[in-house]
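Subject: Structure handover

Hello,

Here is the structure you asked about, with my notes below it. Please look through the model first and then read on.

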Amino acid sequence: MKTWTALGRAVATGAILLCGAVARGEAADMCAVPGYLLFGDSLLNRVNAAVTKEKELRIVALGGVSSTLPGPDGPSFAYPARLEAALTRRLPGVKVMVTMLTKTRQTAAEMAESIGKLLLDQRPSLVIWQTGTYDAVHGTDPEEFRSAVSDGVEKLHAGGADVVLVNMQYSPRTESIVALGAYADGIRWVSREREVPVFDRLAIMRHWYDAGQFDLYKATKDMKTAKNVHDCLGRALASTIIDAAHLEAQQEAAPQ
Amino acid sequence: MIQAPAVPVAALAPGRDLRLDLFRGLALWLIFLDHVPNNIVAWFTIRNYGFSDATEVFIFISGYTAAFVYGRAMVERGFIVAGARILKRAWQIYVAHVFLFAIYIAEIAYVASSFENPLYVEEMNALDFLKTPDVTIIQALLLKFKPANMDVLPLYIVLLMMFPLALWLLIRNASLALALSVALYVLTWEYGWNFASYPSGHWFFNPLAWQLLFVFGAWCALGGATRLAPALRSPITTWLAIVYLVFAFGVTLTWYFPRLGFLMPHWLGEWMYPIDKTNLDVLRFAHFLALAALTVRFIPRDWPALQSLWLRPAIRCGQHSLEIFCLGVFLAFAAHFVMVEFYGGPAMQVAMSMAGILIMVGTAVVISWYKGVEGRGSGTPKRPPDADLAGGEA
């Protein structure tokens with residue numbers, strides 16, 4: 001992954017250091033993400049039709065444990081729920097429903113197998129597919145991972161759903177333990193091959209860390225940072241979807 | 001009964017080529033910088049500007065110097081003696097790898113004990129291997145369990161283990177040996193051969209594919225470079241290399257700036273991607289060849305700067321590649337540890353990178369000094385030629 005973003009990060013960090021000196025004193029948006037990380041260059045046609053014609057957007061968030069938060073009310077603070085809130089705010093008059101399907105210890109291949117049932121049960125316009133963490137931890141062959149994601153996206157497209165891929169979290173403490181690079185690259189290749197947007201969670205969270213917006217190194221049981229990170233992820237994901245589906249939406253106010 | 005070798009001994013000993021030391025030293029620095037997690041200085045490393053990276057440089061030069069050092073031994077002392085020396089070297093590297101693994105486990109165990117964050121429940125699964133040390137350590141000793149960034153030495157070990165046979169053939173019929181190496185590479189791609197890893201998957205650097213670069217390096221050392229020289233002097237080669245490097249640079253730009261993606265024709269992406277590091281993609285190999293062709297073209301063997309004080313640090317590191325490589329892996333762990341425990345911002349990343357390279361240079365200088373002193377003082381008239389010859393150690 002470093003391969004993909006090192007240059008971008010270097011440029012961004014340089015810009016931040018420069019701008020930081022100028023803009024100090026202004027209330028900073030803790031969720032701020034540079035535009036180039038939110039760019040969705042592939043059209044989400046199904047989403048566009050659902051929003052403009054049907055005024056109803058059904059989304060399924062398929063993912064591993066990093067798509068949710070622990071505890072009884074953890075899921076309500078996790079990014080899929082925050083995405084639902086953000087889209088509801090920004091698309092007035094549209095009924096937005098996000099269903100979470102998170103599973104522990106599932107490889108991309110195992111998740112791809114559940115896609116047929118998911119399409120039948122939920123009939124989503126959009127599936128947000130977060131994958132890669134467990135594969136990286138488990139050491140799945142990167143090539144097998146890539147083809148599993150590619151097959152899964154093909155199934156979702158065949159079932160009439162748009163797709164946004166979400167890659168891994170940026171986790172500074174486990175960075176020298178889990179080699180994410182090959183899996184992040186695999187997701188990127190599939191995105192090119194199948195023309196689906198990637199929500200580059202890895203680069204975004206790394207940007208937040210580099211810019212000092214969140215301290216992701218901290219060892220803590222406290223949920224505060226985790227909740228804020230997921231809220232920001234939900235907002236950023238909403239921006240990516242709105243951009244990639246070419247929707248007209250309300251501007252979002254910075255979180256307090 | 002001694003067969004007349006195809007390569008005369010004289011062709012093997014034109015003296016020390018400092019370019020090899022220089023570029024291997026630089027490759028060791030780059031590998032270190034790339035291994036420090038989240039390092040802003042890694043922006044300078046060559047992998048960000050094209051397809052290949054420092055690993056290719058390291059493996060090629062290692063093949064070159066291995067052939068140089070052990071080829072001479074094989075011609076002078078025979079297959080058994082040279083083969084034994086090569087295997088002894090492989091054993092040293094294995095011991096170094098296991099030592100690094102012990103340090104790695106110590107760091108990880110410490111990080112695991114102090115790590116709690118509701119954000120990273122899933123990532124914590126990566127530490128599960130600490131709960132089953134019986135399996136983990138045995139798999140590590142079998143080179144099947146290889147933590148992140150500890151893939152290069154196992155590759156090197158396997159390459160050296162097959163090297164006695166390869167070298168034997170290279171000395172007798174270099175072209176045939178190279179052809180067999182290419183054939184193995186092609187078959188590996190065709191049938192998807194690789195070694196199994198633990199807990200699943202395959203080796204990140206597939207030795208059956210990467211042997212091509214190692215054998216190619218050896219082939220160059222044993223007369224191939226002389227044979228290629230006319231082609232390398234041709235302006236056509238130079239321009240082809242330049243065009244390819246510019247093309248690769250353009251492609252990498254579209255990775256960093258997704259908005260430039262439209263410049264990349266769809267059919268070209270379909271054909272090119274994914275660029276496979278595990279199996280040494282042809283595009284990576286070609287990128288390395290282009291870099292090497294330009295280097296040889298514009299940096300002559302007797303380039304005066306090679307004697308200057310400025311390049312001495314990198315050359316010293318390249319001359320003690322095994323020690324400095326291992327030190328680099330350790331320093332990358334240490335840098336990560338410091339950044340986890342204290343602060344990991346850009347200033348710290350720069351400081352850690354600089355400090356790491358300084359420590360590598362300092363250590364290389366001390367090793368050079370020690371070997372010099374030992375060589376003079378120990379009274380042994382002649383050391384076996386596996387150190388400080390030609391391009392440094394094999």
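Leu62(A) stands opposite Trp129(A), a residue of strand 3 of chain A. The pairing to which they belong is between strand 1 (residues 56-63) and strand 3 of chain A, which run parallel and are joined by four bridges. Strand 3 of chain A also pairs with strand 4 (residues 162-166) of chain A, again in the parallel sense, over five bridges. In that pairing, Ile128(A) is opposite Val164(A) of strand 4. Please keep in mind throughout that this is a predicted model.

Is strand 3 of chain A covered on one face or on both? Both faces are covered: Leu126(A), Ile128(A) and Gln130(A) lie on one side, Val127(A) and Trp129(A) lie on the other, and all are buried. Strand 3 spans residues 126-130, and five of its five residues are buried.

For chain A as a whole, there are 11 helices and five strands. The chain has 256 residues, of which 55% are buried. Of the contacts in chain A with a separation of 6 or more, 83% are between residues 24 or more positions apart.

Tyr209(A) gives an example of residues brought together from separate parts of the sequence. Tyr209(A) sits in helix 10 of chain A. Leaving aside residues up to four places away in sequence, Tyr209(A) touches Tyr170(A), Pro172(A), Phe214(A) and Leu216(A). Pro172(A) is 37 residues from Tyr209(A) along the chain, and their C-alpha atoms are separated by 9.0 Å. Why does Tyr209(A) count as partly exposed? Tyr209(A) has 19 other C-beta atoms within 10 Å, and a buried residue needs 20 or more.

Next, the contact between the chains. On the chain A side 49 residues take part, and they are in contact with 43 residues of chain B. Five helices of chain A each supply at least two residues to the side that touches chain B: helix 1 (2-23), helix 7 (133-138), helix 9 (181-194), helix 10 (201-210) and helix 11 (224-244). Helix 1 of chain A gives the most, with 10 residues. By type, the residues on this side of chain A are 21 nonpolar, 15 polar and 13 charged.

Some backbone details are worth checking in the viewer. Most residues other than glycine have a negative phi, and most peptide bonds are trans.

- His246(A) has a positive phi, near 55°. His246(A) is in the segment after helix 11 of chain A, and it is partly exposed, with 13 other C-beta atoms within 10 Å.
- Leu280(B) also has a positive phi, near 50°. Leu280(B) is in the loop between helix 11 (266-272) and helix 12 (282-298) of chain B. Leu280(B) counts as buried because 25 C-beta neighbours lie inside 10 Å.
- Tyr198(B) and Pro199(B) are joined by a cis peptide bond, with omega about 0°. Pro199(B) lies in the loop between helix 8 (174-191) and helix 9 (207-233) of chain B.

Regards

Definitions and conventions
Residues numbered from 1 in each chain as written. Chains lettered and ligands numbered in written order. Predicted model: local features only at pLDDT ≥ 70, side-chain atom pairs only at ≥ 80, totals over all residues. Contact = placed C-beta atoms within 7 Å. Nonpolar A, V, L, I, M, F, W, Y, C, P; charged D, E, K, R; others polar. Buried ≥ 20, exposed ≤ 12 C-beta atoms within 10 Å, placed from the backbone. Pairing = 2+ DSSP bridges.
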